[in-house]
Amino acid sequence: MSARTRLPALALGLLMLAQPITAVAQYSFDWVIADSGAVDQLNSTTTFHTDIINTGSIADRYRVTLTADMPATWLTTMCDAGLCYPPFITTLEFNVAPGDTLYVGINITPMIDSGAGTSTVTVASINAPAQTSTAGFSVLTPGADVLVVDADGVAGVPLPVVEAVAAAGRTTAVWDRAASGKLAPAELASFAAIVWHAGDSPSGLDADDRATLVTHLAGGGRLLLGGANLAFASCDPAGARYDAVAVTWYATTLGVGYAADSSGTPLVSGVPGDPVGAGLTFSINGNGANALPDVLTAQGGSASLRYAGGAVAAVRRQGADGKSLFLGFDAAGIADNAARSAFMAAALDWLADDASAVPLPGASTPLGLGAFPNPFNPRTTLWVTNDGPDAAVAALDVYDLRGRHVRTLRRGPLAAGRTAVTWDGRDDAGRTLPTGPYLARLSLPGGTIASLKLTIAK
């Protein structure tokens, strides 16, 4: 065969080889998602904004399908730029010219029942069905005592941590950070305490996380933060998120520094006299966790737990408003269930005990005041601790920030020990009070002896 007769066959082969590349270029799209999760109130609609961009060379038609996994009373709908469709319409189709953008909004409205719900949405090219993309959009309502932020990067709920919180007598909600995205300070403030579970993840805290947490703590937030690589990731030059700003942030915000990886025994014991650690001893090599936990230094905070040999395993810090307890290990790795629950109860009790819930300067009284949850919605339990041998006649009242009396909670004798009083966020006339800070005052006939800031967060 001559070269002249071979050329057309070669050209035909090259043309056939190029055809699949051309087909891919004709049909392609990007799906841009601004956010995929939110904490929001009942009867409030969260809209997630998304854009489908036809990046192909010709017009295409896209099918958008929604599947709901949420309480039956909740509503979820889809919108385009001009119309929101009723809830029973769960499949839409759109023609999009090359280079054009199609807006699709996902609405979730929690109604009647508190909890969590997810809308799973799939976008697929009708002309090129292999081109498809799926994402979940989630809403969580406030109301639980503790929010467990699952930031370990591993699929599935961190059950040992959630079960320990429940065993400590707190209701729990879980936020999957990988699936639902980051939380804003206002969303964290919807819960009385945050348990940030980083597991063995090497990812650490990024700049957005640090900004959110410093705002949360400055606003009076309560935070239990732990993971076997969390301090290493940001404070060691070999860490994934190391920088000098992060090192300073850990020291000034959490009172923590990073010393080394722990390679010794997995036994951890509480520091004598510490309000969290005193009396606790446990192993942290359970549930496949803590292969190489962090050894910490206390830089403005106080050592709460120590590894065998004396190295610091946990640091607690109490700022002007907020409180934090930082663990150099994963709490899910506490090997014994009872020990894990005892640790969690001690940690959450300390976080809940308000810094201002102590007698005012100059007061010679054994009475103290605390509350949990705080912030709260719709109710909180205040407790008066009487460390004296006899009953004390006292009054417990609530005032707004202008000093106006809004609710009388208790009048009369307070027996020795602890007395619990529930407040439902209403005034003396039964009216629901607005979101914001209030002041509880515990008074004896001679005047106020203790005060406590309470926050209604709706």
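1. Two strands count as paired here if DSSP finds at least two bridges between them. With that settled, take the open sheet of 4 strands, in the order β1-β3-β7-β5, with antiparallel pairing. β1 (29–33) and β5 (75–79) sit at the edges with a single partner strand each, so one side of each has no neighbour in the sheet. From one strand to the next the twist averages 20 degrees; the axes behind such angles are lines fitted to C-alpha atoms, for helices over the stretch in contact, and angles run from 0 to 180 degrees between N-to-C directions.

2. Some ground rules. This is a predicted model, in which local features need pLDDT of at least 70 and side-chain atom pairs count only at pLDDT 80 or more, while totals for chains, interfaces and linings use all residues. Residues are numbered from 1 along each chain as its sequence is written, and side-chain values use heavy atoms, with hydrogens and water left out.

3. T77 has N107 of β7 as its bridge partner.

4. The disulfide count is 1, taking a disulfide as a pair of cysteine sulfur atoms within 2.5 Å. The bond links C79 to C84, S to S 1.9 Å. The torsion about the S-S bond of C79 and C84 is about 100 degrees, so this disulfide is right-handed. C79 is buried, at 3% relative accessible area, whereas C84 is partly exposed at 47%. (Buried means under 20% relative accessible area, exposed over 50%, partly exposed in between, with a 1.4 Å probe and protein chains only.)

5. For the overall picture, the protein chain has 8 helices and 27 strands; these are DSSP runs numbered from the N terminus, helices being H or I of at least four residues and strands E of at least two. Of the 458 residues in the protein chain, 50% are buried.

6. Now the largest nonpolar core, which has 35 residues; V195, L224, F282, L325, F329, F343 and L348 touch the most other members. (A nonpolar core is a set of buried Ala, Val, Leu, Ile, Met, Phe, Trp, Tyr and Cys residues joined through side-chain atoms within 4.5 Å.) Several elements supply at least two residues each, including β10 (146–150), α2 (159–167), β12 (193–197) and α8 (337–352). α8 gives the most, with 9 residues. Apart from this core lies another, of 34 residues, among them L140, L213, Y250 and Y258.

7. L224 deserves a look. Leaving aside neighbours within four places in sequence, L224 contacts I194, V195, W196, L325, L327, F343, M344, A347 and L351.

8. In α2, the buried residues are P160, V161, V162, A164 and V165. They pack against β10, β11 (172–176), β12 and α8. After α2 comes G169, with a positive phi near 85 degrees.

9. Last, A371, in strand β21 (residues 367–372). A371 is buried, at 2% relative accessibility. Not counting residues up to four places away in sequence, A371 touches A352, T380, T381, L382, W383, L452 and L454. A371 and A440 are 69 residues apart in sequence and 9.7 Å apart in space, C-alpha to C-alpha.

Terms used
Contact = heavy atoms within 4.5 Å.
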